[in-house]
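Here is a short note to read with the model open. Please follow the points in order and find each residue as you go.

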Amino acid sequence: MKISNRRSRRAATAVALGAVLALTATACGDDGSGAGDKGAEGSGKGRIVFWDNNGGVRTEIWKEIIADFEKANPDIKVEYVGIAATEYQSKVDTALQGGGLPDVGGVGAAMLAGFAAQGALEPLDERVAKSSLDGKLNKDMVESLKAAGGGDDKLYSVPTSANNGVLYYRTDLFQKAGLKEPTTWERFFEAADKLTNKGKNEFGYTIRGGAGSIAQALDAMYGQSGITSFWDSSGEKTTVNDPRNVAALEKYAGLYKKVTPAADLNNDFTKMVAQWDSGTIGMLNHNLGSYQDHVKALGVDRFRGIPQPTGPGGKRVQVSNPVDGLGLFKSGKNKEAAWKFIEFATSKAENSKFNETAGQVPSNTDAAKDAWISKAEPTKLAADALSDGSTTIVQLPYYLPDWNTISKADNEPNFQKVLLGKMSPKSFLDTLAEQLNAAQEEWDQQQG
């Protein structure tokens, strides 16, 4: 029974996220309470604190939205705290233990289960139902966040956007080299090799070796192997260390320093994107979020952003990119004002403005109809690829409270060892699998 329940829950999450993408250290309030504080509704006026989980990258657009909100709500002031994506979870974890949580914070699917399990977040179902957002949020994004929350079918984060993996490539460099578009993994590896000339500081690819490296590596593994489920048929063991995935990782990790810059070892997405935008590198794997950065750096004529390459049988397999959202922290002393901010930020106009800047898929269904989406080619191509039957999403287990720790702190250093040749891809994946299987077993026991 436990396996059946878990399978259905996991399957529902996978279907939901696939459908989503197809559709195109300041104290809280005044006292710095921790997660155990139930907080209060407050007066609906005064100051609230907002932690942005992608500070720097999204600071400018969030400040615009805050200015709009404060103009519409002159009795509320929003204190913005921008935190880099690579530091956000540790920042919240520290506040969970010692106090100082914000009123509102960015809470995406990847970190949702851990925060919810500690009782840090307010359930939002009733607030949404009584608000202007009722019936206006993409149902599949909502269901994805519910599924990622740990199994109680409650909504702990109001979705703002959905993302998707993209292969960006320099059309000018491909044309000069006489290369075909890298629509298959075979063409991808051929181009990576042919576009590399170390003597001229030219490289075919930039690989993510720093923070956030595991999800990108998993994408390359499952894309090449064609394996379509994160768990085997028993539902108890992960497929990450399947021999086909081991072979795929060997090929992918073998790109480092052969066709990539040595600096890639420590590059997170911001450094990787900046390096690609300013250098002579043929290809970059990232997501829809960096599209506008490339437009500013290169113009629309020197690059394209296309869906991930296809693998065996012409099928495209990719791992899920989490839905992002806004959470209301339970310890807040002014929840009414904080909720007003969440409701405003996910309204049609503001949600459209945010996602046009981010190049992502809006959560507000009215915003999703705006004309800019058809003009942002990677967003449109991703939607087409996910709706034409050619793509299968391998749903990552965001519902596991230990997922973020396992996929970041525990294994990013090990992945760097793989790139450096100090650890074999098989040993790396076997270690990862052991941790995931243990986390899954623990989660099963907690579900009863």
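Predicted model: local features only at pLDDT ≥ 70, side-chain atom pairs only at ≥ 80, totals over all residues.

1. Salt bridges overall. How many salt bridges does a search of the whole structure find? The count is 16. Some of them are described next.

2. Strand to strand. Arg47 forms a salt bridge with Glu79. Their closest N and O atoms are 2.6 Å apart. Arg47 sits in strand E1 (residues 46–52), and Glu79 sits in strand E2 (residues 76–82). The two residues are 32 residues apart, so this pair links distant parts of the chain. Arg47 has 34% relative accessibility, so it counts as partly exposed. Glu79 is also partly exposed, at 26%.

3. Helix to helix. Asp68 pairs with Lys353 in another salt bridge. Here too, the closest N and O atoms are 2.6 Å apart. Look for Asp68 in helix H2 (residues 59–72) and for Lys353 in helix H14 (residues 348–358). The pair therefore ties together parts that are 285 residues apart in sequence. Are these two residues buried or partly exposed? Asp68 counts as partly exposed because its relative accessibility is 25%, and buried means under 20%. Lys353, at 27%, is partly exposed as well.

4. Asp430 and Lys426 meet through their side chains in a salt bridge, with 2.8 Å from N to O. Both residues belong to helix H19 (residues 425–447). They are 4 residues apart, which is about one turn of the helix. Asp430 has 27% relative accessibility and counts as partly exposed. Lys426 is partly exposed too, with a relative accessible area of 46%.

5. A network. Some salt bridges share partners. Which residues do they join into one network? The members are Glu41, Glu122, Arg127 and Lys335.

6. Helix H12. This helix covers residues 291–298. Tyr291, His294 and Leu298 are buried in it. Why do the buried residues line one face of H12? Seen down the helix axis, they fall within an arc of 60°, so they share that face.

7. After the helix. Now step just past the end of H12. Gly299 comes there, and it takes a positive phi of about 80°.

Note on methods:
Residues numbered from 1 in each chain as written. Heavy atoms only, no water. Buried < 20%, exposed > 50% of the residue type's maximum accessible area, 1.4 Å probe, protein only. Arc of directions from axis to C-beta. Salt bridge = Lys/Arg side-chain N within 4 Å of Asp/Glu carboxyl O.
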